[in-house]
Amino acid sequence: MNFVVLTIFPEMFDPFWEHGIVGRAIDHHKIFASTLNIRDFAEDKHQVTDDRPYGGGSGMVMKPEPLAGAIRAAKRKCPDAKTILLSPQGRVFDQAAANELAAFEGLILVCGRYEGVDERISHELIDDEISIGDYVLTGGELAAMVVIDAVTRQIPGTLGGEDAAEKDSFSNGLLEHAHYTRPQVFEGRSVPEVLLSGHHGAIENWRLESAVLRTLLKRPDLLESKLLSERELDTLKKWYRRIEEIIKNYHRDHRAHREKK
Ligand code: 4FV
């Protein structure tokens with residue numbers, strides 16, 4: 001995977017290329033990453049990359065010429081790459097998009113600034129538009145880092161264990177189970193016994209239940225949009241019955257309580 005980032009602030013990426021999973025993936029040549037400064041493709045001596053909007057209004061717009069020059073230079077460098085503009089108008093980025101983009105030879109990531117980029121760039125030179133969320137950033141750089149980070153994790157060999165990415169949140173459409181590490185007791189709270197049992201079957205069951213319940217409590221929308229496995233469905237039914245029983249017992253006890261009064 002070859003990432004080419006087009007930005008007027010390439011220095012923002014220096015620390016990003018040097019740390020964590022992305023930094024190690026670069027060191028181990030699992031991914032290649034570079035930036036192109038859009039300013040270097042501005043034709044005037046002041047390297048201007050923005051101008052006032054036609055039709056008036058506040059803010060500035062990124063000029064098409066420097067952007068076009070930078071994109072064409074990146075495509076020469078990485079002909080099979082997909083060119084992506086990071087913008088609030090894009091499809092919202094998620095794990096499925098990260099998995100899909102990880103299959104490409106390369107990604108050219110165009111970072112806008114100011115109010116946005118001249119529309120004629122989107123038509124001619126952009127293959128896909130991606131948004132990291134429904135809010136407005138001051139620039140596309142942070143969005144590009146989010147995409148690079150999530151896509152890099154899907155490149156085989158970049159995470160510790162081979163299958164680490166498969167066990168991720170969202171990889172099976174559920175949130176991840178709860179995680180614990182030493183000490184066994186922290187401020188009076190101990191680790192669930194089953195995780196100390198060494199009984200892999202029981203641990204796996206516990207983790208499935210933990211993932212299903214956390215998803216039910218925190219992101220029930222994910223349960224509604226996913227094809228549930230037998231075991232996931234059984235876990236939900238078990239808790240459905242449990243809750244039914246609690247309600248039934250509550251009414252029974254409440255009735256008894258009311259009748260006593
Ligand atoms: C954005 C987002 C985003 C819009 C104007 C940069 C800003 C400025 N990019 N997901 N949300 N971009 O807000 O990707 O040029």
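Buried means under 20% relative accessible area, exposed over 50%, and partly exposed in between, with a 1.4 Å probe and protein chains only. This is a predicted model: local features need pLDDT of at least 70, side-chain atom pairs count only at pLDDT 80 or more, and totals for chains, interfaces and linings use all residues. Residues are numbered from 1 along each chain as its sequence is written, and side-chain values use heavy atoms, with hydrogens and water left out.

**Stop 1**

Select E209. At 19% relative accessibility, E209 counts as buried. A salt bridge here is a side-chain nitrogen of Lys or Arg within 4 Å of a carboxyl oxygen of Asp or Glu. K238 sits in helix α9 and E209 in helix α7, 29 residues apart. Helices (H or I, at least four residues) and strands (E, at least two) are DSSP runs, numbered from the N terminus.

Now select R231 and E204. Their side chains meet in a salt bridge (3.5 Å, N to O). R231 lies in α9 (residues 230–260) and E204 in α7 (residues 200–218), so this pair ties together parts that are 27 residues apart in sequence. R231 is partly exposed at 38%. E204 is partly exposed at 45%.

**Stop 2: the sheet**

Show the strands. Five of them form an open, parallel sheet in the order β2-β1-β6-β5-β7. Two strands pair if DSSP finds at least two bridges between them. β2 (32–37) and β7 are the edge strands, each pairing on one side only. From one strand to the next, the twist averages 30°.

Zoom in on β5 (residues 82–92) and β7, paired in the parallel sense over five bridges. I84 stands opposite D128 in β7.

Turn to α6. This helix packs on the sheet, touching β1 (2–7), β5, β6 (106–111) and β7. Contact means heavy atoms within 4.5 Å. The direction of α6 makes about 160° with that of β6. Axes are lines fitted to C-alpha atoms, for helices over the stretch in contact, and angles run from 0 to 180 degrees between N-to-C directions.

**Stop 3**

Select R91 and D128. Their side chains meet in a salt bridge (2.6 Å, N to O). R91 lies in β5 and D128 in β7, so the pair ties together parts that are 37 residues apart in sequence. D128 is buried at 11%; R91 is partly exposed at 34%.
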